[in-house]
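Q: Could you walk me through this structure? I am new to it.

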Amino acid sequence: MSAQKTLNVGLIGCGFMGRTHSNAFRQVNQFFDVGHRPVLAAVCARSADAVRGFADRWGYASTETDWRRLIARRDIDLIDIASPNDTHAEIAVAAAEAGKMVMCEKPLGRSAAESARMVAAVEKAGVPNMVWYNYRRVPAVTLAKHLVDEGRLGRIFHYRAKFLQDWTISKDLPQGGAGLWRLDAAVAGSGVTGDLLAHCIDTALWLNGGIAEVTAMTETFIKERMHTLTGKITPVGIDDASAFLARFANGSLATFEATRYARGHKALYTLEINGEHASIFWDLHDLHRLQYFDHRDEGQVRGWRALHITDGDHPYMKHWWVPGLQIGYEHTFIHQVADFLEGLAKGAPAAPTFRDALATDEVTDAVLASARSRQWERVPASV
Ligand SMILES: NC(=O)c1ccc[n+]([C@@H]2O[C@H](COP(=O)([O-])OP(=O)(O)OC[C@H]3O[C@@H](n4cnc5c(N)ncnc54)[C@H](O)[C@@H]3O)[C@@H](O)[C@H]2O)c1
């Protein structure tokens, strides 16, 4: 392998996603031959104690408690945003203006308008950029993309996606602050629409093309919760559940549903596509399998096949162990870094770029608008 260039990473946020990203930056060169070697140069979070502990655990060379200082540092090449949604736009715009590469967690912004400012900033600066919609890089989902693109399903009639959780059912759960910022609309932007459905929409746009129009309903089951930062009982502004019908530009029909009130379900992301010749089904709880049905099979043996996505000719799998041995959730982030670095070497952006992720926010905006108007809403990006 030719000499690798170093890529100094400045990570912002050391919660759930800070851990998945750090793991990915540390592991990528052990498994993928890519032209760059990420260096864990600095991590930033507001609490000095917390960020120091995180840096020690993961091997970051230095810490910051103000992201502006991190961006001002000349030694940092890439700003990686793994902080709550209300921080994304300001950090990404400042990072792009400082000429840094930017990777950002999803959703890109709290609204399409906020995301559009971020797209304009990275495109004006000409800096490589990517959004961490990691489910595209589950090997079984990537294989689904290959099967659709090869035309194996034929004309697509239906797309069906769900993302079900059950962790906010208790009315005693407060909103706001560490970990619970997702329940505070001012920070999160929306509830499950921007959080869970955004994943489903990103995958859907990638697999099945643009969405033309939507009609939606949302509900907030618990109307008031104590706010962690003020101690006061405050109205809840997020959607607890969201469901919508959609018509894709290719004429197929879709249903999407997300909730944090589906007792018994922890992170049940499922998707199904029904085409003229074949169907596929995927389930995050069984992420290394792709269910495939092909009507062209001989009648007596025709049926759903559970493809075990562990063989060397499956996407990404030749980089891992031996056929039959599966990988998991954390590997999707490693794949994402590998593709980003490969994109740098080729000078071709790895998807989803900020612009790709804006398309998802156009759909989530339309979903929330439809829930308010009780009308079908066109999605601007695909009109
Ligand atoms: N790709 C995925 O599957 C996935 C999963 C979970 C979360 N996310 C996204 O990742 C982002 C972070 O979510 P999380 O679950 O890691 O949150 P978290 O609450 O676990 O961690 C957030 C971190 O950001 C830090 N932070 C908050 N404000 C900051 C500021 N102003 N400056 C510096 N640091 C700050 C906090 O101290 C904390 O370390 C969100 O945008 C979320 O939507 C994506």
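Predicted model: local features only at pLDDT ≥ 70, side-chain atom pairs only at ≥ 80, totals over all residues.

Q: Good. What is the order of the 6 strands in the open sheet with parallel pairing?
A: The order is β3-β2-β1-β4-β5-β6. Helices (H or I, at least four residues) and strands (E, at least two) are DSSP runs, numbered from the N terminus. Two strands pair if DSSP finds at least two bridges between them.

Q: And which strands stand at the edges?
A: They are β3 (62-64) and β6 (129-131); each has a single partner strand, so one side of each is left without a neighbour in the sheet. From one strand to the next, the twist averages 25 degrees. That angle is taken between axes, which are lines fitted to C-alpha atoms (for helices over the stretch in contact), and runs from 0 to 180 degrees between N-to-C directions.

Q: How many bridges are there between β1 and β2?
A: Strand β1 (residues 5-12) and strand β2 (residues 36-44) pair in the parallel sense over 8 bridges. Val 9 has Leu 40 in β2 as its bridge partner.

Q: What about β4 and β5, over how many bridges do they pair?
A: Strand β4 (residues 78-81) pairs with β5 over 4 bridges, again in the parallel sense. Opposite Ile 79 stands Val 102 in β5.

Q: Which way do the residues of β5 point?
A: In strand β5 (residues 101-104), Met 101 and Met 103 point one way, while Val 102 and Cys 104 point the other way, and all are buried. A residue is buried if 20 or more other C-beta atoms lie within 10 Å of its own, exposed if 12 or fewer, and partly exposed in between, with C-beta atoms placed from the backbone.

Q: Which residues have the most contacts inside the largest nonpolar core?
A: They are Val 43, Ala 92, Val 102, Leu 197 and Cys 200, in a core of 108 residues. Such a core is a set of buried Ala, Val, Leu, Ile, Met, Phe, Trp, Tyr and Cys residues joined through C-beta atoms within 7 Å. Helix α8 (residues 192-208) gives the largest share of this core, 10 residues.

Q: Where does this core lie relative to the two domains?
A: Domain 1 (5-133) and domain 2 (135-382) both give residues to this core, so it lies between them. The domain bounds come from an automatic or database domain assignment.

Q: Moving on to the ligand: which residues come nearest?
A: Gly 13, Gly 15, Phe 16, Met 17 and Glu 105 come nearest, out of 23 residues around the ligand. A residue is near a molecule or strand if its C-beta atom, placed from the backbone, lies within 6 Å of it.

Q: Which helices supply at least two residues of that shell?
A: Both α1 (16-31) and α4 (85-97) do, and α1 has the largest share, 3 residues. Domain 1 (5-133) and domain 2 (135-382) each supply at least three residues of the shell.

Q: How many of the shell residues are nonpolar, polar and charged?
A: There are 11 nonpolar, 8 polar and 4 charged residues. Here Ala, Val, Leu, Ile, Met, Phe, Trp, Tyr, Cys and Pro count as nonpolar, Asp, Glu, Lys and Arg as charged, and the others, Gly among them, as polar.

Q: What is the strand order in the open sheet of 9 strands?
A: The order is β16-β15-β14-β13-β7-β12-β11-β8-β17, with mixed pairing. At its edges, β16 (305-308) and β17 (377-378) each pair on one side only. Strand β8 (residues 211-219) and β17 run antiparallel, joined by 2 bridges, and Glu 213 has Arg 378 in β17 as its bridge partner.

Q: Last one: is Tyr 316 buried or exposed?
A: Tyr 316 is buried, with 21 other C-beta atoms within 10 Å. Its phi is near 70 degrees, a positive value in a residue other than glycine.

How values were computed
Residues numbered from 1 in each chain as written.
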